[in-house]
Amino acid sequence: MNLEHYNSYLEVDLGKIRRNVERIQRHIGPGRGMIPVVKGNAYGLGTVEVARLMHDMGMPLLANAHIAESIQIREAGIPVDLMILGALPPHAVPYAAQYGLQMTVFNKEGVDLFSRACRDAGHTGQVHIKIETGLGRIGVKPGADLERLLDHIAQVGNLEVVGVFTHYATAGKRESQYAKEQFALFQKGLQQVQVRGIQPQYIHTANTGATIWFEESYCTHVRCGSLYLGYSNIQNHENPLGVEEPATWRAFITNIKDLEPGESVGYSRHFIADKKTTVATVDVGYSAGLNRNLAMTYGPVLVHGHRTRYLGVCMDQCFVDITGIPCQLYDEVTLLGWDKGELLSLFQLADHVEQNVHSLLASIDPNIVLRVYRR
């Protein structure tokens with residue numbers, strides 16, 4: 001493995017992601033498709049490589065959050081359709097037209113911006129209408145507001161409605177009544193669209209949580225993010241589909257020292273030994289994306305398959321308790337994932353700091369942590 005000049009690496013098993021997608025496809029059944037969400041650097045696993053795998057598996061449409069992600073995929077030569085899930089500031093809209101992206105619209109201003117940009121680019125634009133059903137982020141409410149939006153789309157004359165969607169606020173909880181109310185409201189909005197003679201190719205409401213339990217909401221497609229990447233956000237970490245965590249993050253021991261009782265390591269003497277303790281300095285810190293709270297509260301870490309603890313962290317280095325663990329200078333330390341048959345799950349790390357699993361994974365900086373792909 002060529003690690004070039006990097007201090008640490010995130011190994012991504014693409015075979016596990018492939019199997020996860022296959023499990024989801026079996027779960028949703030025939031006649032329905034999947035829109036993989038490839039945002040946040042594919043939740044930290046790498047935009048281009050994950051997008052390429054999705055294309056190889058026959059996914060015709062991928063969803064991004066930012067224009068920059070879509071441009072990465074376009075410039076990598078991956079021939080898939082791309083939609084932008086969120087709202088864009090005016091300066092970014094011409095790029096959506098230039099790169100042939102499908103835009104989310106929910107107000108007159110957004111329609112006008114994209115219509116003008118597509119006219120300047122010389123082609124018809126494709127849009128997904130976001131229905132606001134209760135998340136409270138972006139979207140148009142069913143009823144009079146949606147009627148006015150549909151009128152305006154028809155008036156500008158150069159936008160094709162290819163999708164209609166919404167997003168759930170509580171689908172991570174099985175049988176959520178609020179999610180069911182959101183879907184009922186979405187159906188009212190969808191009916192308004194279809195009465196106009198519009199038959200969207202993509203009707204999608206089911207996010208990761210809803211894909212697991214809310215079959216009624218599947219529509220034409222489910223729209224999965226963390227689920228196909230192995231990190232279901234369903235309550236209590238249920239994993240009925242058996243998806244696999246594909247990522248392992250490793251760094252290296254750069255110093256080993258013994259602390260006598262009363263000696264310390266770290267700024268402000270964060271850890272003071274109360275007994276003889278062997279400490280490894282590891283070449284990664286919070287600037288690389290290691291969660292500071294995790295390392296400062298003695299969260300779990302693996303050394304040669306032995307579960308141990310952090311003793312603190314700095315910007316570019318951290319400390320690990322290796323007392324009684326057979327290891328030596330420059331050995332690997334596993335910050336996340338598998339080590340000699342032992343799994344340090346992202347869910348365990350997230351639970352320790354009471355944070356969202358996605359926030360931990362997406363924070364691993366791609367500029368200073370090398371991505372290595374197993375195929």
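Let's start with a pair of helices: H7 (residues 144-156) and H8 (residues 177-195) cross at roughly 30°, and their axes come within 10 Å. Keep in mind that this is a predicted model. Overall, the protein has twelve helices and 19 strands, and its C-alpha trace spans about 75 × 45 × 40 Å along the principal axes.

**H7 and H8**

- The crossing of H7 past H8 is right-handed.
- On the H7 side, the residues to look for are Leu146, Glu147 and Leu150, and they meet Gly189, Gln192 and Val193 of H8.
- Sorted by class, this contact of H7 with H8 has three nonpolar residues, two polar ones and one charged one.

**H3 and its two partners**

- As background, a pair of packed helices is described by two things: the angle between the axes and the distance between them.
- Helix H3 (residues 47-56) packs with helix H4 (residues 67-75) at an angle of about 60°, and the two axes are 9 Å apart.
- H3 makes a right-handed crossing as it passes H4.
- Thr47, Val48 and Ala51 are the H3 residues here, and they meet Glu69, Gln72 and Ile73 in H4.
- That contact of H3 with H4 is made up of three nonpolar, two polar and one charged residues.
- H3 also pairs up with helix H1 (residues 14-28): those axes come within 11 Å and cross at roughly 45°.
- H1 and H3 are therefore oblique to each other as well, and H1 passes H3 in a right-handed crossing.
- From H1, Leu14, Ile17, Arg18 and Val21 meet Glu49, Val50, Leu53, Met54 and Asp56 in H3.
- What classes of residue make up the contact of H1 with H3? There are six nonpolar and three charged residues, and no polar ones.

**The buried side of H11**

- Helix H11 covers residues 346-353, and its buried residues are Leu346, Phe347, Leu349, Ala350 and Val353.
- Those residues sit on the same side of H11, because they cover an arc of only 160° around the axis.
- What do the buried residues of H11 pack against? Their partners are helix H10 (292-296), strand S14 (300-303), strand S17 (332-339), strand S18 (342-344) and helix H12 (357-362).

- Thr334 is part of strand S17, and with a relative accessible area of 1% it is buried.
- Trp249 is 85 residues away from Thr334 along the chain, yet their C-alpha atoms are separated by 5.9 Å.
- Setting aside neighbours within four places in sequence, Thr334 touches Thr248, Trp249, Arg250, Val301, Leu302, Asp339 and Leu344.
- Val12 belongs to strand S1 (residues 8-13), and Val12 counts as buried too, at 0% relative accessibility.
- Val12 and Arg371 are 359 residues apart in sequence, but 7.1 Å apart in space when you go from C-alpha to C-alpha.
- Again leaving out neighbours within four places in sequence, the contacts of Val12 are Ile17, Leu45, Pro246, Val372, Tyr373 and Arg374.

- Most residues other than glycine have a negative phi.
- Ser268 has a positive phi, near 60°, and it isn't a glycine.
- Where is Ser268 found? It's in the loop between strand S11 (264-265) and strand S12 (271-272).
- Ser268 is exposed, with a relative accessible area of 77%.
- Tyr298 isn't a glycine either, and its phi is also positive, at about 65°.
- The loop that holds Tyr298 runs between H10 and S14.
- At a relative accessible area of 31%, Tyr298 is partly exposed.

**The whole protein**

- Of the 375 residues in the protein, 54% are buried.
- Among contacts with a separation of 6 or more, 66% come from residues 24 or more positions apart.

Technical notes. Residues numbered from 1 in each chain as written. Predicted model: local features only at pLDDT ≥ 70, side-chain atom pairs only at ≥ 80, totals over all residues. Heavy atoms only, no water. Axes fitted to C-alpha atoms, helices over the stretch in contact; angles between N-to-C directions. Helix = DSSP H or I, 4+ residues; strand = E, 2+ residues; numbered from the N terminus. Left-handed = near helix turned anticlockwise from the far one by under 90°. Contact = heavy atoms within 4.5 Å. Nonpolar A, V, L, I, M, F, W, Y, C, P; charged D, E, K, R; others polar. Buried < 20%, exposed > 50% of the residue type's maximum accessible area, 1.4 Å probe, protein only. Arc of directions from axis to C-beta. Parallel < 35°, antiparallel > 145°, perpendicular 65-115°, else oblique.
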